[in-house]
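This report describes helix packing, a salt bridge and a surface patch. The structure is shown below.

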Amino acid sequence: MTTLDDVRHALDQVIDPDLNKSILELGMARDITLEQGTVKFTLALTTLSCPLRNQMSQDARERLLALEGVKDVTIETREMSADEKKQIFGEPEQGAAEAFNHIKHVLAVVSGKGGVGKSSVSALLAITLHRRGYSVGILDADITGPSIPKMLLQDNQHPHTSQMGIVPIETPSGIKVMSINLLLADPNQAVIWRGPLIAGAIKQFWGDVYWGELDYLIIDLPPGTSDASLTVMQSLPLNGIILVTTPQSLAAMVVRKAASMADQLSIPLLGIVENMSYAECKCGERLEVFGPSHAAELAQEMHIPLLARLAIDPAIAALGDNGALETYAADGFAELADRLLPVIPEEACTPLQN
Ligand SMILES: Nc1ncnc2c1ncn2[C@@H]1O[C@H](COP(=O)(O)OP(=O)(O)O)[C@@H](O)[C@H]1O
Ligand SMILES: [Mg+2]
């Protein structure tokens, strides 16, 4: 006949997927009783809105009902007190969120100069990967010119802090976003920080944000070879870099500098995206508005693939201005994703310093 020990043993098999330990070991399953075939216990959760709550209760219920003689299971859920949380997690410390994050691939999007569409490409790449079923986050590392929230979010939202760290804001479809603009009281406020503060903010976006499980984290870097870019390339475990340029030769020249920086730090360059490459007219002809494309030559010179040549499409600008970029069809990005995914290394480049 089933004993209380058997019940405890069954609950020890129920794992909190976030913390990767059993709910018994974490002290989340409490006041366990077994009387006349009925198991009762309290499930104390870190937060009641915890999306995993139903999953853990369901798992516990199934395991308990599988025990001989158990006919009924009653689970009362409640939120842990601050003291209980402290016992499990300790005081929240800086960089603590990193321990809870499982990010499989980190990709940085880089351009030589501003205005070439780097943020749009970062966002649309994230959207495309998310539509393919991957879990995706965007870290907006452009601290002085953040534009990701404006492109993907409708209104001014502020992240809250959980025991696990700062919780990113999710877009309507579920892409996780973190940007300095989400933390400012007024998103129009200018950030006039010097290098070390900017580097600190970027490191916090990595170490103090609770990204959870992600297949891809896309990092939108500021243009050029600034301190912020160096911080990302030196201190985050990148799987690779995507270069964004436009047909102008100036854009090509400065993207070479950014590429050279990545190269010196031994971070794989995954390929080039030429944005605003041409405009498609109704007659079906391609107009090379910014002059002839140099993308193929550039890619060949750098020995990296040309991932895509993207058209000028006023819909990108219009939707991006209104926080509705997620509704863009993004057909041109299917090819980009098809070419990009196979060249992403599984192993991230180990950061040089922290
Ligand atoms: N392919 C495109 N077609 C039309 N407009 C674009 C395209 N790519 C970017 N834009 C627009 O150009 C402007 C600059 O793009 P953005 O992504 O902010 O560039 P960056 O991050 O390189 O500064 C934005 O208004 C954006 O909507
Ligand atoms: Mg930008």
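The model is predicted, so local features need pLDDT of at least 70 and side-chain atom pairs count only at pLDDT 80 or more, while totals for chains, interfaces and linings use all residues. Residues are numbered from 1 along each chain as its sequence is written, chains are lettered from A and ligands numbered from 1 in the order in which they are written, and side-chain values use heavy atoms, without hydrogens and water.

**Helix packing**

Helices (H or I, at least four residues) and strands (E, at least two) are DSSP runs numbered from the N terminus. Axes are lines fitted to C-alpha atoms, for helices over the stretch in contact, with angles from 0 to 180 degrees between N-to-C directions.

| Helix pair | Axis distance | Angle |
|---|---|---|
| α9 (249-264) and α10 | within 12 Å | roughly 25° |
| α4 (118-131) and α12 (332-340) | 10 Å | about 80° |
| α7 (195-207) and α8 (227-235) | 9 Å | about 40° |

Angles under 35 degrees count as roughly parallel, over 145 as roughly antiparallel, 65 to 115 as roughly perpendicular and the rest as oblique. At roughly 25°, α9 is therefore roughly parallel to α10. The angle of about 80° makes α4 roughly perpendicular to α12, and α7 and α8 are oblique to each other.

A crossing is left-handed if the near helix is turned anticlockwise from the far one by less than a right angle, and right-handed if clockwise. α9 passes α10 in a right-handed crossing, and the crossing of α7 and α8 is right-handed.

Contact means heavy atoms within 4.5 Å. Between α4 and α12, Val121, Leu124, Leu125 and Thr128 meet Phe333, Ala334, Leu336, Ala337 and Leu340. In α7, the contacting residues include Ile198 and Ile202, and in α8 they include Thr231 and Val232.

**Charged and nonpolar side chains**

The whole structure holds nine salt bridges (a side-chain nitrogen of Lys or Arg within 4 Å of a carboxyl oxygen of Asp or Glu). One joins Arg63 and Asp59 at 3.0 Å, N to O. Both residues lie in helix α2 (residues 53-65), four residues apart, about one turn of the helix.

Leu287, Val289, Phe290 and Ile312 make a nonpolar surface patch of about 310 Å². Patch residues have over 30% relative accessible area and no salt bridge, with like charges joined within 9 Å and nonpolar side chains (Val, Leu, Ile, Met, Phe, Trp, Tyr) within 5 Å; areas come from the Shrake-Rupley method with a 1.4 Å probe, and for residues only the protein chains shown count as cover. Val289 sits in the loop between β15 (286-287) and α10 (295-302).
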